[in-house]
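Work through the following exercises with the sequence and the coordinates at hand, and compare each step with the solution given.

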Amino acid sequence: MVVILGLEGTAWNLSAALVTEDRVIYDVESSYKPLHGGIHPREAAQHHASELKRVVSQLIEGASAKDEDFSIGDIEGVAFSQGPGMGPCLRTVATAARALALTLKVPLIGVNHCIAHIEIGRWRCGTEDPVVLYVSGANSQVLAYHTGRYRILGETLDIGIGNALDKFARYIGLEHPGGPKVEELASKGTRYIHLPYVVKGMDFSFSGLTTAAKEAVDAGNSLEDVCYSFQETAFAMLTEVTERAMAYCGKDEMLLAGGVGANRRLQQMLRTMCGDRGARFFVPESKYLKDNGAMIAYLGLLQFQSGQTLPIEDSAVRPNFRPDEVEVKWRVR
Ligand code: ATP
Ligand code: FE2
């Protein structure tokens, strides 16, 4: 069995996992929680640096205790998130990955964080060739595979939907991460307040919507109604573009990826849209939607098997790494 160790730490979540072809052997995580405001890149990096040794040790010990078949000598590669993400966080985790690869005398594998979100979803859900809606804090993209690459068909022109929800949530006094708390409030909203719906071609934008939602709160509307209207507007934008992408590509599967994918209302809108067009909707369990080490280890495994490893001297982090820069050698079509 080929075992790959994966390290994730692009932003708030430091996590490590061991994955083999048919299963996640073990995973351990440690989350950074900002005391005030949003994620501070340097503080998050310090969190990762101070937790790395414990997380990796627990991973090896936990896996050895749980799985009799596993021993540390089985690890054939060390994968890490090369980007996109916050520079200080990426550098901290990359340093650990290089040290581990050198110590274990195995290749280093640099993976694109966005593609890792996609591939773990395909693996867990068994979907072959979906249009992907990838929605997280920093990123919001609609992608599909075509001739050797994941092509970005549409994306946010400013901030990611998760960031928009977190900023709005902070404004109304909720702690980070705000997305789940906005969802909770939205479920009690009853009145739709008009907010800017911004879709330009295949792209979308959320900053005007966020500002208008703050103004709607200041104007005295209930938090529940504003959260409800925020979600209805933003998620309808995402659903519209995803549907158009499916029509363009002629694909009849759709995969939801990224932390915001945990939102039940977003799932419901997409499921309805897919149902209406006779397409199948897929979403993995929540632990594989948010940032996780298993997705890095799993994409690392695919790349390892297709020979896409990384010499240490080429392993500089790539904070603006875009998914369409990656040659996808592990897919046949
Ligand atoms: P990336 O580097 O891919 O942008 P990330 O660091 O933002 O990832 P994720 O775990 O993929 O991390 O996503 C976190 C985001 O998901 C946060 O903005 C959070 O508010 C949002 N989120 C989590 N649960 C929900 C939910 N139920 N509804 C809406 N948003 C949610
Ligand atoms: Fe992510």
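At 25% relative accessibility, R244 counts as partly exposed, a class that lies between buried (under 20% relative accessible area) and exposed (over 50%), with a 1.4 Å probe and protein chains only. This is a predicted model, in which local features need pLDDT of at least 70 and side-chain atom pairs count only at pLDDT 80 or more, whereas totals for chains, interfaces and linings use all residues. Residues are numbered from 1 along each chain, chains are lettered from A and ligands numbered from 1 in the order in which they are written, and side-chain values use heavy atoms, without hydrogens and water.

**Exercise 1.** Determine which residues R244 touches, not counting those up to four places away in sequence.

*Solution.* Start from helix α7, where R244 is placed; helices are DSSP runs of H or I with at least four residues, and strands are runs of E with at least two, numbered from the N terminus. Applying the contact criterion (heavy atoms within 4.5 Å) then gives V199, G201 and M202. For M202, 42 residues away along the chain, the C-alpha separation from R244 is 8.0 Å.

**Exercise 2.** Identify the atoms that coordinate the iron ion (ligand 2).

*Solution.* Search for donors, meaning N, O and S atoms within 2.8 Å of the metal (3.2 Å for Na, K and Ca); water is not among the atoms, so sites may look incomplete. The search returns H113 (NE2), H117 (NE2) and D291 (OD), at 1.9 to 2.2 Å, with the spacing H-x3-H-x173-D along the chain. Next, locate the pair that lies 174 residues apart: H117 belongs to helix α3 and D291 to the loop between β12 and α9. Finally, assign burial: H117 is buried at 1% relative accessible area, and D291 is buried at 9%.
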